[in-house]
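This briefing covers one protein chain. Please look over the sequence and the model before reading on.

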Amino acid sequence: MLSDITIALSWNVTTATPQEVLAVEQTVTEWANGIRDVTKSPGAYVNEAEILIPNFQEAYWGNHYPRLRAIKQTIDPNDLLIVRQGVNSEGWDDEIMCKTT
């Protein structure tokens, strides 16, 4: 079964403090985790507003992830092109600043 749920929260881009932005990110993450708990699905909010997506590999790419990771490792073995919770990002910290493996 496929469904689409939109979580629409925002902040004022000219006046919001970092704490206000973080509060929105945390709320989006909490709500999305609640939906995952109810649906037993790894679904993902495809925007940077969600802090960290549990099991992002399955949520974004499903059973295609192992093949995509193999392609990424072949094309970019030194991880020059890496994003938070992107293909082959497991060996990096959450901020994609330092390799952990």
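Which residues does Asp93 touch, not counting residues up to four places away in sequence? Asp93 touches Cys98 and Thr100 on that count. The model is a predicted one.

**Chain overview**

- The chain has three helices and zero strands, and its elements run α-α-α from the N terminus on.
- Of its 101 residues, 27% count as buried.
- The accessible surface of the chain is about 7,300 Å², and carbon and sulfur atoms account for 58% of that surface.
- Taking contacts between residues at least 6 apart in sequence, 26% join residues at least 24 apart.

**Helix 1**

- Helix 1 covers residues 18-39, which is 22 residues.
- At 1.5 Å a residue, helix 1 should span 32 Å, and this agrees with the 32 Å between its end C-alpha atoms.
- The buried residues in helix 1 are Val21, Val24, Val28, Thr29, Ala32 and Arg36. These residues lie on the same side of helix 1, because they cover an arc of only 130° around the axis.
- Exposed residues Gln19, Glu30, Asp37 and Val38 sit on the face of helix 1 that is turned away from its buried side.

**Aromatic residues**

- The structure contains three aromatic pairs. One of them joins Tyr60 and Trp61, with 5.3 Å from centre to centre and 65° between the planes, and it is edge-to-face.
- Trp61 also pairs with Tyr65: the ring centres are 5.5 Å apart and the planes are at 35°, so this pair is tilted. An angle over 60 degrees would have made a pair edge-to-face, and one under 30 would have made it stacked.
- Phe56, Tyr60, Trp61 and Tyr65 together form one aromatic cluster.

**Asp93**

- Asp93 lies in the segment after helix 3, the helix of residues 65-75.
- A polar atom of the Asp93 side chain lies 2.8 Å from the backbone nitrogen of Ile96.
- For the backbone nitrogen of Met97, the distance to a polar atom of the Asp93 side chain is 2.8 Å.

**Asp79**

- Asp79 is found in the segment after helix 3.
- With a relative accessible area of 7%, Asp79 is buried, because buried means under 20%.
- Which side chain does Asp79 join through a polar contact of 3.3 Å? The partner is the side chain of Lys72.
- Leaving aside neighbours within four places in sequence, Asp79 is in contact with Lys72, Asn88, Trp92 and Lys99.

Notes:
Residues numbered from 1 in each chain as written. Predicted model: local features only at pLDDT ≥ 70, side-chain atom pairs only at ≥ 80, totals over all residues. Heavy atoms only, no water. Phe/Tyr/Trp six-rings, centres within 6.5 Å; stacked < 30°, edge-to-face > 60°. Helix = DSSP H or I, 4+ residues; strand = E, 2+ residues; numbered from the N terminus. Contact = heavy atoms within 4.5 Å. Polar contact = N/O pair within 3.5 Å; in protein donor to acceptor, adjacent residues only side chain to side chain. Buried < 20%, exposed > 50% of the residue type's maximum accessible area, 1.4 Å probe, protein only. Areas by Shrake-Rupley, 256 points an atom, 1.4 Å probe, with all protein chains shown as cover. Expected span 1.5 Å × (residues − 1). Arc of directions from axis to C-beta.
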